[in-house]
Structure formats: C-alpha cells, structure tokens
Amino acid sequence: MKTYRYPKREMWDEIVARPRLDLAQLNETVSKVLADVKQRGDEAVKEYERKFDKADLSALAVTEQEMDDAEKLVTNELRDAIILAHHNIKVFHISQRFVGQKVKTQEGVVCWQKSVAIERVGLYIPGGTAPLFSTVLMLATPAKIAGCKEIVLCTPPNQEGKVHPAILVAARIAGVSKIYKIGGVQAIGAMAYGTESVPKVYKIFGPGNQYVMAAKQQVSMDEVAIDMPAGPSEVCVLADETANAEFVAADLLSQAEHGRDSQVLFITTSEQKLQEVQEEVEQQLQQLPRHDIAQAALDNSRYVLVSSTDEMMALSNAYAPEHLIIQTKNYEQMAEQVVNAGSVFLGPYACESAGDYASGTNHTLPTHGYATAYNGVNLDSYCRKITFQHLTKEGIVHIGRAVELMAEAEELDAHKNAMTVRIKSIK
C-alpha cells in the first residue's frame, strides 16, 4: 500500500483513483458472447459453460432433487446461520415498504403513487473464487417482500455440473423460483434475452467480475434494466488515535481478499495509528489462505495521514466508497457529515462483515465512485412507482386554462385541444 502523509488537495484525485483496466478488448469479447447467446440460446450457453466453467451440462435448470440433496450437504449450524441472516435482512427490508397517500393539489385534482413490484427479476450469484450464498439472501429476500412473481437465479456450476449446496439452501429459504447453472457473461445474456430454458427478465441484479459487469452494462442499453453500474469491491476506514489497530487491519484485509482488483483506503489523523495498522496488516496478511489475492488488492490501495477529522471526512466523501467504516471517538458526529457512501459502519464493533452477512442491511452496493449518485439495493429496487391522477369538473375549472396556455406556448396544439374540449363540455 502506498502511504501519503498530509497530502495537498491537488493530490486527492490520485488518492481516490481506482485501478484502471483496458476495457476495449473486454467489451468486444463480452459483446460477441452476448450476441451468440441472443441468437442461439441454450446451445450457446452450454458451449460457454463447457469453455469457461468446464462443465458439460445436459440441462441448465437445477432440479428439486438437487435442491433436496443440497440440504443434506449443509451443516445444521450453517443452515441456522443462514436462517438468522435471512430473518434480519427480511425485518430490515420490510421496514422499507412504501405507503402512498392521495394528495389534493387543487380542488378537484387528486394525485397519488402506487408501488408495484417488477414481475420477473434475474439474480446473478458469483460462484468462482467464492460461492456468495449471502448474496442470494441479499437479492432474493427483498424481491420476495416486494412481491416479484418470478425470481430467476443464475450461478456458475463446478466442473461436475453442481451448484454449491449453500447457494441452493439459501435460495430455497429466500424463496427463489427458478435456478440455473449458468455463470459469467452467458448468464447475463440468458436472463436479458431469454433462451429455451431461461425466461427473459425485466431487471438484473447482482455482483460479478469485470466481464459480468460489462455484460450488465451492455444489455442495459437496449434490453433490460440493471440494479446499478459497479466495479471491484472497496472499503474506506476512517480512524483516530482511539481506533483499534487490530480491528482496522482485519477490516482492510476482509475487503482486500475479495479480488485482485479490489481496493482499500485507510485515512487517519494519527501517525502512531498509521504505523500500528501497517504492522497489523502485514502480520494478519501472512495468515490468510487468500494471501496472494489480498496482496494484489493491497498493491492498489493507500494509507493516508491527514491533519483533522474534517479533512478525513472530506477525503472520504471525495472517494465515495462502497463501504465506509468510521472508528473514531466521535463517530456519531462524523456520520452526520457522510455525503457519499454505499453503506456506513459506525464504531469499533461494526465490522463490514456484519453488513455483508447478518446485520440486515443490504450488501449489494455502488462501487467505483458511483455512490455519488446511486444507492445500494433496497426494497424500492424491485418496485416501480406508478402515478395516478383523478380530475373532476371542478379540477378542470382550476387548472384547465393553465394547461391550455402552457401547451399553446410549447406549440403543441393537440395537447391544448385535449383540455379545451373538456373546458367547453362543462360550460
């Protein structure tokens, strides 16, 4: 990790920069796979499964027998942990239900909104370097609460054509409708366009590698909505002299082990804490099974020493992290200053892992600086707000002339006439 001590503002752009990838070749590859899946459907998907996941599949759908078998392969202790996490995620997202109300804007003019679930959604669950069964809970639970009629899940199989049993158990607990053994770009294409086996969905959710992210962005331009643009995972930790260096190092490494292109940023007001955290990171890094992955991520990362908590917070807002951990004595006060962040963790005991798994908040969050404009997945992500309005004759009297004048000024005569004929009808 590169260290910056009291950097001037002119250096902030360098500090908050994410790892840059050459996307030209990647996008070309993704585009070809998507076009092939769109044209040839299941046949193309199976070919790409053989090529990329080394799985020779006769059928793409997970069977009920496979679901039942998965139950026997997951320990009772892990199942109980999944049930606990599902409960907390469910409780938190139920609290987000929209309650619309009718609003009288003028006498005789009433407007309101109704929240309507997206009927068919697609969930992508990575299964490569880590089987993210927790993401099943994060994506399927709010979809179920929202009332989505069909929840389609795609996840890559292993070379034997099997899906990780914890993913299947989590899917059953969360209420997933259909599960398919498809990974990568071909999974995004199958859900976006539909194949003989996979139904076309209206919106795709879920994280993935750079190929999956590129595929989501490409299909969003003409076929299907997506949850958000995203990139590699990241965390920013803010710490003062009271922070626990062991905790901070553990938080930085928990994010670094996600992938080689992940990034962590540590910002502190204490020279001593900076040194303590650097030492802890080196010690803990050596114990990690995913040492090489974490080390590669740390190569993209920074330590920053600043002069005040205000500067610390300003730099964090400039970075707009996916995850923000605030380990300072005045964390509640600092939380009020957060402007750009996906999810915020307050105090020494709120590790990012809690939000990743079981506190109840959603871990599908904007990355790569998109937290300046996007929020993480929530219940509204699975709904549309449809507006309604009702006008009476009295309403025409109150707003009719204004509508005529505005339509006339915009030179839209048919718009004006639609109101004019109603005005005449009530005179």
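This is a predicted model: local features need pLDDT of at least 70, side-chain atom pairs count only at pLDDT 80 or more; totals for chains, interfaces and linings use all residues.

Colleague: What is Val 121 in contact with, leaving aside its neighbours within four places in sequence?

Modeller: The partners are Ala 143, Cys 148, Glu 150, Ile 151, Val 152, Val 201, Lys 203, Phe 205 and Tyr 382.

Colleague: Which residues have the most contacts inside the largest nonpolar core?

Modeller: Val 121, Leu 123 and Tyr 382, in a core of 41 residues. A nonpolar core here is a set of buried Ala, Val, Leu, Ile, Met, Phe, Trp, Tyr and Cys residues joined through side-chain atoms within 4.5 Å. Buried is under 20% relative accessible area, exposed is over 50%, and partly exposed lies in between (1.4 Å probe, protein chains only).

Colleague: Which elements give two or more residues to that core?

Modeller: α4 (64-73), α5 (76-94), β4 (120-124), α6 (133-146), β5 (150-155) and α7 (165-174). α6 supplies the largest share, 9 residues. Helices (H or I, at least four residues) and strands (E, at least two) are DSSP runs, numbered from the N terminus. There is also a second, separate core of 32 residues, with Leu 60, Ile 188, Val 198 and Ala 215 among them.

Colleague: Back to α6. How many of its residues are buried?

Modeller: 13 of the 14, so α6 is largely enclosed by the rest of the structure. From first C-alpha to last, α6 reaches 20 Å, close to the 20 Å expected at 1.5 Å a residue. The expected span is 1.5 Å times one less than the number of residues in the helix. Just after α6, Gly 147 has a positive phi of about 100°.

Colleague: New topic: α17. Which of its residues are buried?

Modeller: Met 419, Thr 420 and Ile 423. Viewed down the axis of α17, the buried residues fall within an arc of 110°, so they line one face of the helix. The arc is taken over the directions from the helix axis to the C-beta atoms.

Colleague: What do they pack against?

Modeller: The buried residues of α17 pack against α16 (393-409). On the other side of α17, Ala 414 and Ser 425 are exposed.

Colleague: And Gln 101, buried or exposed?

Modeller: Exposed, because its relative accessibility is 60%. Gln 101 is in the loop between α5 and β2 (103-106). Leaving aside neighbours within four places in sequence, Gln 101 is in contact with Cys 111 and Trp 112. Its C-alpha is separated by 7.1 Å from that of Gln 113, 12 residues apart along the chain.

Colleague: Last one, whole chain. How many helices and strands?

Modeller: The protein chain has 17 helices and 14 strands. Of its 427 residues, 48% count as buried. The C-alpha atoms fill a box of roughly 85 × 60 × 45 Å along the principal axes. Of the contacts with a separation of 6 or more, 75% come from residues 24 or more positions apart.

Technical notes:
Residues are numbered from 1 along each chain as its sequence is written. Side-chain values use heavy atoms; hydrogens and water are left out. Contact means heavy atoms within 4.5 Å.
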